[in-house]
Amino acid sequence: MPTPSVRESALMKSKRRLSRRNVLKTGAALLAAEMGRLKTAPTVVEAQQAPAVLTGTQTGRAFRGLVRHGTTIDVQELRLRPIDPRQVVIRSLAVAPCYTIVRGALSTTPARRAEVPNHCGFGVVEAVGALVKRVQVGDRVVVAGTSQCGQCYQCLHGNPDFCQFTFFSNTDGAAPFAPFAEMRDGTPVDAQAGIGGMSEVMTAFEEYCVPVFTDLPAAELTLLGDQLASGFAAGHARMQFEPGSDVVVFGAGPVGLGAIQAGRVTGAGQVIAIDPIRYRREFAMKIGATSTLDPNVEGDGIVERVRELCQGPNDRRFAGGTTYGRAGNAVMARGADFVVEAAGLQAFPPKVEAQPDPTNVKTVQQAWDCTRMGGHVMLMGFTLQPVPFPGASLALLGRTIHPGQQGGLHVMRDLPRYVKLIEKGKIDAKSMITRRYTLDQGRQAIQDTADRTIITGVIEFS
Ligand SMILES: [Zn+2]
Ligand SMILES: [Zn+2]
């Protein structure tokens, strides 16, 4: 008969007499056994850590990238500069330009520094700095627009969507990230936001890299670095739509459509999509919206239209009705449980239907106004002007305003979950891709994004 292991004999003893002293002794014996096991067999754990790969061989590596420089933007031959010990060299597989970069990327005013645009990407790790732990060579990684260092004050307080590695790395007025490459004439080239993405090779600090273990295509996975994941997180991570609830989404672009999909996945009672662009309203209906509104048709009456759509089956306030009364605060009590403002300002006049308020100020006010008393609203779209709110209502109506920074996404926690949801067909990433481009068509991808003639354009690298 084999002799019982330390763990088994400790358990057998613990069954004999249950006292505080014995419980503590048993625990100590188990811990000692575990420590012994770890001491004698460390290789399993350590083998899963990234090896310390020195990257001197990568310095000078030639590759091509879309570069905004001087008064233009075009594809340039580039050479990689040495990386930081905590940086990762990634061979790009796919990238989707974000609408927030179009104004800068297509501008014809002289650029202060040469720069590869965008702030996300997807690819294969080909080298890691000596201190990198999170990823290893061969990993497929989403390079997200927001880092999650896990060590800063914000990360430690449960807010990695405000990770200080992203937001406070440019103190003292110094450039936060050193140029990652140079052009043939030696001109240093930055990666926008320290990430870039629209080049055959990108470098990123490991804090931005999320390894994913799946066979899903790169073109779909790259959408998790920014817009789709941010929109989905709005309803899943930050606001947490409740089943059966009324959800309203302003803006059916790549971010808003992520929120609309979150409404479908979380079982919202209805998802009202608001967008001036007809093809986007039609697409919203295919991907999760239950009804749509055109802000150019509804005008200032859009808030009342939403309240009508969100009214309960009766107006009996003691029977759960929400439409009681029509005066004063009773009107403001009605509305949606969750509202996402993902319209954003209009950086360029689009080639499709324009939004009624290019500044987005009014849309933000309407989003807030559509929210029921005690409901939740997330402001995701950029608005560069002050937005006035009625002070008394702000104080009394109990509407919670959520920050829209990446939808409250915790990249290391959430992206692996979203990968599973794409695998299961719950999140539809593929349909979000309207058009695919080569790197040489990169400028066109940005132009189409600015024109709003596509939902999402993906540049695929060969
Ligand atoms: Zn973005
Ligand atoms: Zn952090």
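**His119 is buried, at a relative accessible area of 16%.** Buried stands for under 20% relative accessible area, exposed for over 50% and partly exposed for the range in between (1.4 Å probe, protein chains only). The model is predicted: local features need pLDDT of at least 70 and side-chain atom pairs count only at pLDDT 80 or more, while totals for chains, interfaces and linings use all residues. Residues are numbered from 1 along each chain as its sequence is written, chains are lettered from A and ligands numbered from 1 in the order in which they are written, and side-chain values use heavy atoms, with hydrogens and water left out. His119 belongs to the loop that runs between β4 (114–116) and β5 (121–128); helices (H or I, at least four residues) and strands (E, at least two) are DSSP runs numbered from the N terminus. The side chains of His119 and Asp226 are joined by a polar contact of 2.9 Å. Such a contact is a pair of N or O atoms within 3.5 Å; within protein, one must be able to donate a hydrogen and the other to accept it, and residues adjacent in sequence count only if both atoms are side-chain atoms. Leaving aside residues up to four places away in sequence, the residues that His119 touches include Cys98, Thr100, Ile101, Gln192, Ile195 and Asp226; contact means heavy atoms within 4.5 Å.

**Cys98, His119 and Asp226 coordinate the zinc ion (ligand 1).** The donor atoms are SG of Cys98, NE2 of His119 and OD of Asp226, at 2.0 to 2.3 Å. Donors are N, O and S atoms within 2.8 Å of the metal (3.2 Å for Na, K and Ca); water is not among the atoms, so sites may look incomplete. Along the chain, the donors of this zinc ion (ligand 1) have the spacing C-x20-H-x106-D. Cys98 is in the loop between β3 (87–95) and α4 (102–105), and His119 in the one between β4 and β5, so the pair ties together parts that are 21 residues apart in sequence. Both Cys98 and His119 are buried.

**Four cysteines coordinate the zinc ion (ligand 2).** Cys149, Cys152, Cys155 and Cys163 each supply SG, at 2.3 to 2.4 Å. The arrangement is tetrahedral because the four donor atoms subtend angles of 105 to 119°. Four donors count as tetrahedral if all angles lie between 85 and 135 degrees. The donor residues of the zinc ion (ligand 2) are spaced C-x2-C-x2-C-x7-C in sequence. Distant parts of the chain are linked by Cys152, in the loop between β6 (140–143) and α5 (153–156), and Cys163, in the loop between α5 and α6 (164–167), 11 residues apart. Cys152 is buried at a relative accessible area of 12%, and Cys163 counts as buried at 0%.

**Helix α17 (residues 442–451) is largely enclosed by the rest of the structure.** This description applies because seven of the 10 residues of α17 are buried. Among them are Ala445, Ile446, Thr449 and Ala450. The elements against which the buried residues of α17 pack are β1 (62–69), β2 (72–80), α4, β17 (433–437) and β18 (456–460). After α17 comes Arg452, with a positive phi near 60°. The charged end of Arg452 sits over the ring of Tyr99, 4.2 Å from the ring centre. A charge sits over a ring if NZ of Lys or CZ of Arg is within 6 Å of the ring centre and within 35 degrees of the ring normal.

**Phe63 and Phe180 form a tilted aromatic pair.** Rings of Phe, Tyr and Trp (its six-membered ring) pair if their centres lie within 6.5 Å; planes under 30 degrees apart count as stacked, over 60 as edge-to-face and the rest as tilted. The count by this rule is eight aromatic pairs. For Phe63 and Phe180 the distance is 6.0 Å centre to centre, with 45° between the planes. Phe63 is in strand β1 and Phe180 in the loop between α6 and β7 (181–183), so that the pair links distant parts of the chain, 117 residues apart. Phe63 is buried, with a relative accessible area of 3%, and Phe180 counts as buried at 6%.

**Trp368 and Phe389 form an edge-to-face pair.** This class applies because the planes are at 65°, with the ring centres 5.1 Å apart. Trp368 lies in helix α14 (residues 361–370) and Phe389 in the loop between β15 (371–379) and α15 (391–396), so parts 21 residues apart in sequence are tied together. Trp368 counts as buried at 3% relative accessibility, whereas Phe389 counts as partly exposed at 25%. Over the ring of Trp368 sits the charged end of Arg399, 4.4 Å from the ring centre.

Key. Four donors count as tetrahedral if all angles lie between 85 and 135 degrees; four count as square planar and six as octahedral if opposite donors are over 155 degrees apart and all others between 65 and 115; anything else is irregular.
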